[in-house]
Amino acid sequence: MTYWLQELQQKRWEYCSGLDMVKGDSRASPTPGDFSKGLVARDNPDVVGTHPDASAEKARNVLAVEASPGELVGEAAAHQPAPGHPNSINFSFKQWGTELKNSMSSLRPGRAHGDSRKSVFYTNEEWELLDPSPKDLEESMAQEERKKPAPEGNKGKRPLRDMIGSSRNRHVSGEPSADGAQSAAGVRSQQEELERLRKDLSSQKELVRLLQQTVRSSQYDKYFASSRLSEGVPKDALDLLHRKDDQILGLSSQLEQLSLERESLQQEARTLKGKVGELSEQLGMLLETIQAKDEVIMKLSRRLSEGADVPAPAAGVPGSPAPASREQLELDRLKDNLQGYKTQNKFLNKEILELSALRRNAERRERDLMAKYSSLEAKLCQMESKYLILLQEVKTPVCSEEPGPARGVIAQLLEDALQADGPEQPGQALVKPRLVSEYDIYGFRTVPEDDEEEKLVAKVRALDLKTLHLTENQEVSTGVKWENYFASTMNREMACSPELKNLIRAGIPHEHRSKVWKWCVDLHARKFKDSTEPGYFQTLLQKALEKQNPASKQIELDLLRTLPNNKHYSGPTSEGIQKLRNVLLAFSWRNPDIGYCQGLNRLVAVALLYLEQEDAFWCLVTIVEVFMPRDYYTKTLLGSQVDQRVFRDLMSEKLPRVHAHLEQHGVDYTLITFNWFLVVFVDSVVSDVLFKIWDSFLYEGPKVIFRFALALFKYKEEEILKLQDPMSMFKYLRYFTRTILDARKLISISFGDLNPFPLRQIRNRRSYHLEKVRLELTELEAIREDFLRERDASPDKGELVSDEEEDT
């Protein structure tokens with residue numbers, strides 16, 4: 001049985017190795033990600049070693065089952081009577097092996113469905129079979145094995161590669177072969193089967209040629225009809241549009257085929273993981289059995305050693321037992337059992353090694369297909385983006401002329417291209433792929449609903465952003481580094497380290513962001529949480545709901561104005577609105593001096609996308625009470641004013657050209673950057689950049705805001721220097737951050753080009769400007785009091801009424 005199991009094992013190894021040689025190389029495998037929390041997690045559903053090398057082959061050879069000289073294996077051993085059981089039933093081991101082989105063939109992937117796993121690409125001339133099926137691989141391997149000479153014998157270690165062969169090689173030398181006629185008949189039946197398949201293939205080729213001719217004729221009719229409608233459009237533009245359409249169709253079909261292949265590989269990986277689990281359970285049971293046998297052997301050994309000191313009984317006494325012979329027989333039996341368990345243990349170790357390697361290879365193939373899929377999808381996004389720009393360019397001169405057929409054609413093409421992904425007809429699924437959805441993964445709307453011009457620009461921006469994201473995934477992604485980090489910290493808690501700092505600066509993957517954000521919040525708010533009772537958040541919320549809260553009115557007014565372009569906060573019944581209300585009410589009860597300040601709602605809304613209510617509450621506590629200086633969110637906004645002066649100093653040092661240019665034209669850029677600091681760039685940058693900024697912000701603190709604010713100006717430095725009109729400068733500064741899509745470049749500028757960036761310098765400048773701002777506020781308060789005294793003393797004071805008094 002061990003012999004046949006090893007042969008099946010070797011067949012499986014060779015088959016999977018053949019798949020690996022076809023597919024190519026890849027990188028390390030990720031571990032399963034953690035389940036996300038918060039509002040975003042509910043909207044998103046959502047590996048492998050290298051080729052077998054010399055060390056793996058050496059390990060397999062070392063773990064090969066040893067056979068004693070002259071020991072019978074295979075059929076020869078099967079025909080021998082079982083030792084110790086002379087009356088046992090004598091059955092043919094060959095028949096059992098054939099049944100085992102037949103049962104295993106039905107379980108092998110790709111066999112039950114015939115040619116369903118073949119990857120076929122159709123051309124205008126003929127069919128090309130790119131990837132052979134498992135059946136074709138096995139038939140080719142069997143033909144090669146028939147050409148090999150039979151082994152001379154099996155002595156010593158028997159590696160699996162030497163044990164695989166045809167049926168006549170499995171007989172021990174000297175035993176006659178009885179399968180010659182059967183093998184000849186099998187060859188003839190295979191040849192007849194092959195001839196029949198060739199005939200079917202030729203008939204299918206002819207059918208495909210006829211279908212292709214029909215499709216081409218229909219395409220010619222379609223383009224002929226469209227050409228009559230588009231009279232007046234330049235011929236070069238139409239030819240370019242036709243070529244782009246053909247390219248889009250080709251890429252769409254390739255994407256669909258790669259998706260099907262990816263699903264099959266995922267199913268195969270799940271099957272292999274199940275087998276590994278079953279073998280692990282069997283290994284545990286065998287280890288327990290071996291341990292029990294070892295204990296029995298130790299007891300018998302001690303008993304034997306103790307019995308050696310007892311004098312042997314007299315030879316002539318009748319009925320005296322022979323304990324030595326019985327104990328020797330028992331010892332031999334235990335030795336045989338021990339040798340059997342060693343053999344089984346070695347085989348299971350080799351099986352675990354091979355299954356692990358096969359699982360890694362299957363995951364590697366899956367990741368290779370995902371990289372290829374991402375590459376094709378990125379190219380398709382680029383092409384559609386250029387297609388939209390081209391349509392807009394073609395529409396402009398056409399629409400300026402008199403109305404004609406061409407104008408209607410271009411307008412219809414633009415309307416079709418700008419439609420967001422929705423329910424499509426089955427016939428359109430292959431023609432127009434679903435690339436840009438109505439909302440991104442964070443819930444923000446990607447394409448506006450009103451203006452057609454803004455709609456076109458937003459969709460082009462979304463396509464460019466998706467292209468950047470897909471291009472990043474093709475390289476050694478940060479996701480793999482995060483998986484390796486979590487694998488190294490599996491048995492211990494996360495801790496601050498340079499490695500973790502660099503990983504967070506590069507960006508946290510979507511599937512791990514909830515876990516890392518929660519850890520960062522717990523790290524900074526630990527001193528507050530340790531001093532509170534369990535259920536502290538629920539207690540605050542209950543008090544805020546039961547008693548009158550001065551801030552509750554303003555909180556209710558700002559709920560629907562928080563993130564109106566995010567589906568989680570778009571309406572009164574949205575899931576995020578109630579959670580946002582609870583967190584803000586609880587915080588206002590904890591900090592009555594602050595109560596509620598405009599800007600806190602946006603901070604909480606972003607935190608709730610990845611955190612639960614209580615964690616989002618402590619996140620807000622961390623930002624207001626730990627990160628930001630005192631009086632940052634009070635009525636005077638004293639800390640916010642101080643940071644703007646600090647930022648102006650840093651601009652003059654890090655970006656002197658931009659600072660001098662804006663100062664020369666009298667542009668006060670702090671009017672724009674004030675909101676950046678107050679809400680940590682919410683609604684100022686695209687969502688993908690925003691969450692990468694928050695990753696570093698929650699770990700390192702407010703220094704990150706200064707870094708990214710300077711990096712945004714550095715990113716667009718040349719464009720800003722080209723502007724010469726103060727009005728155009730101010731308009732450009734209001735929207736230029738939304739045009740920055742490359743988060744990797746922005747991160748590189750923030751943490752690379754702007755170094756050194758000591759926190760001590762920021763603290764010193766804050767202290768310096770804080771005194772100046774307080775002095776200015778004191779002078780303003782004195783001027784206000786003087787004005788009020790003069791107004792009260794004047795006879796016509798009733799005519800001078802301030803806005804505040806009118807409100808009261």
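User: What should I know about numbering and confidence before reading the values?

Analyst: Residues are numbered from 1 along each chain as its sequence is written, and side-chain values use heavy atoms, with hydrogens and water left out. Since this is a predicted model, local features need pLDDT of at least 70 and side-chain atom pairs count only at pLDDT 80 or more, whereas totals for chains, interfaces and linings use all residues.

User: Why is Phe681 called buried?

Analyst: Buried means under 20% relative accessible area, exposed means over 50%, and partly exposed covers what lies in between, with a 1.4 Å probe and protein chains only. Phe681 has 0% relative accessibility and therefore counts as buried. Phe681 is located in the loop between helix H22 (670–679) and helix H23 (687–700), where helices (H or I, at least four residues) and strands (E, at least two) are DSSP runs numbered from the N terminus.

User: What makes Asp683 partly exposed?

Analyst: The relative accessibility of Asp683 is 34%, so Asp683 counts as partly exposed. Asp683 also belongs to the loop between H22 and H23.

User: How do you know which form the peptide bond from Asn755 to Pro756 takes, cis or trans?

Analyst: Omega is near 0° for the bond from Asn755 to Pro756, and that bond is cis. Pro756 sits in the loop between helix H27 (743–753) and helix H28 (759–793).

User: Why is H20 called oblique to H22?

Analyst: Two packed helices are described by the angle between their axes and the distance between the axes. Axes are lines fitted to C-alpha atoms, for helices over the stretch in contact, and angles run from 0 to 180 degrees between N-to-C directions. Helix H20 (residues 638–654) packs with H22 at an angle of about 120°, with the axes 10 Å apart. That makes H20 oblique to H22, because angles under 35 degrees count as roughly parallel, over 145 as roughly antiparallel, 65 to 115 as roughly perpendicular and the rest as oblique.

User: Which residues make the contact between H20 and H22, and how do they divide by class?

Analyst: Contact means heavy atoms within 4.5 Å. On the H20 side the contributors include Phe647 and Arg648, and on the H22 side they include Phe674, Phe677 and Leu678. By class, the contact of H20 with H22 has four nonpolar, five polar and two charged residues, where Ala, Val, Leu, Ile, Met, Phe, Trp, Tyr, Cys and Pro count as nonpolar, Asp, Glu, Lys and Arg as charged, and the others, Gly among them, as polar.

User: What is the make-up of the contact of H23 with H27?

Analyst: The axes of H23 and H27 come within 9 Å and cross at roughly 35°. Asp688, Val689, Lys692, Ser696 and Glu700 in H23 meet Ala743, Leu746, Ile747 and Phe751 in H27, and these residues divide into five nonpolar, one polar and three charged.

User: How do you know that Ile504 is buried, and what does Ile504 touch?

Analyst: Ile504, in helix H13 (residues 498–506), has a relative accessible area of 0% and is therefore buried. Not counting residues up to four places away in sequence, Ile504 touches Trp482, Val516, Asp695, Ser696 and Tyr699. The C-alpha atoms of Ile504 and Asp695 are separated by 6.2 Å, although the two residues are 191 residues apart along the chain.

User: Why does His665 count as buried?

Analyst: The relative accessible area of His665 is 18%, so His665 is buried. His665 lies in the loop between helix H21 (656–664) and H22, and, leaving aside neighbours within four places in sequence, His665 is in contact with Gln724, Pro726 and Met729.

User: What makes H17 largely enclosed by the rest of the structure?

Analyst: Of the 16 residues of H17, 13 are buried, so H17 is largely enclosed by the rest of the structure.
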